[in-house]
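Subject: Structure handover

Hi,

My notes on it follow below.

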Amino acid sequence: MSGDPTGGRDEGETARSDRDVPPAERIAVDDLRIEADLDLAVDGDPVRVRSTGGRIDVFVRRFGVLPRIDELRRALPSPVGDALERVPVGVHVAGVEVARVDPGVPSGPLSRLLGVAPARVDLPGVARALLRRRE
């Protein structure tokens, strides 16, 4: 993990990803109120974490980052990282939700096979993200 907020992205990648990321909103997790608006990098790839609509959304540029999402949760400041275990988390590639973590919902065999557990893979979302990346 790196603290480089640009993650080495170029201007075109920044413009498209900014359009796909909603503004952060405060969410409630038990007695805790969280507003997450973080720009991080995982192995040089930009990762954006936003709280919105009662959940946490994680935006990544490529599918290869998905297996590292649990590591990302552990690296976040404790109130936010701990909250990821108690609120829904959507993982987005090219602005499309491709995986989801819901508290108390098992990930399933495909997610475990792909190494992305605890996230559940959304195959239609993966297909849409792949098509969108080709645009």
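Which residues in α5 are buried? Gly125, Val126 and Ala129 are. Buried means under 20% relative accessible area, exposed over 50%, partly exposed in between (1.4 Å probe, protein chains only).

First, the ground rules. This is a predicted model, where local features need pLDDT of at least 70 and side-chain atom pairs count only at pLDDT 80 or more, while totals for chains, interfaces and linings use all residues. Residues are numbered from 1 along each chain as its sequence is written, and side-chain values use heavy atoms, leaving out hydrogens and water. Helices (H or I, at least four residues) and strands (E, at least two) are DSSP runs, numbered from the N terminus.

**Helix α5**

Helix α5 spans residues 123-134, 12 residues in total. From first C-alpha to last it reaches 17 Å, close to the 16 Å expected at 1.5 Å a residue (1.5 Å times one less than the number of residues). Back to Gly125, Val126 and Ala129, which are buried in α5. They cover an arc of only 100° around the axis, which puts them on the same side of α5. The arc is taken from the directions from the helix axis to the C-beta atoms. The face turned away from the buried side carries exposed Leu123, Leu131 and Arg134. Cover for the buried residues includes β6 (89-93), β7 (96-101) and β8 (120-121).

**Core**

The largest nonpolar core has 28 residues. Such a core is a set of buried Ala, Val, Leu, Ile, Met, Phe, Trp, Tyr and Cys residues joined through side-chain atoms within 4.5 Å. Val47, Val49, Ile56, Val58, Leu72 and Val98 have the most contacts inside it. At least two core residues each come from β3, β4, β5, α2, β6, β7 and α5. The largest share, 4 residues, is from β7.

**Salt bridges**

The count is 11, for a Lys or Arg side-chain nitrogen within 4 Å of an Asp or Glu carboxyl oxygen. Arginine 50 pairs with aspartate 37, closest N and O atoms 2.8 Å apart. Arginine 50 lies in β4 and aspartate 37 in β3, so the pair ties together parts 13 residues apart in sequence. Arginine 50 is buried, at 7% relative accessible area.

Aspartate 45 and arginine 61 also meet in a salt bridge (3.0 Å, N to O). Aspartate 45 is buried at 5%; arginine 61 is partly exposed at 28%.

A salt-bridge network links Arg55, Asp57, Glu97, Arg100, Asp102 and Arg120.

Best regards

Note on methods:
Contact means heavy atoms within 4.5 Å.
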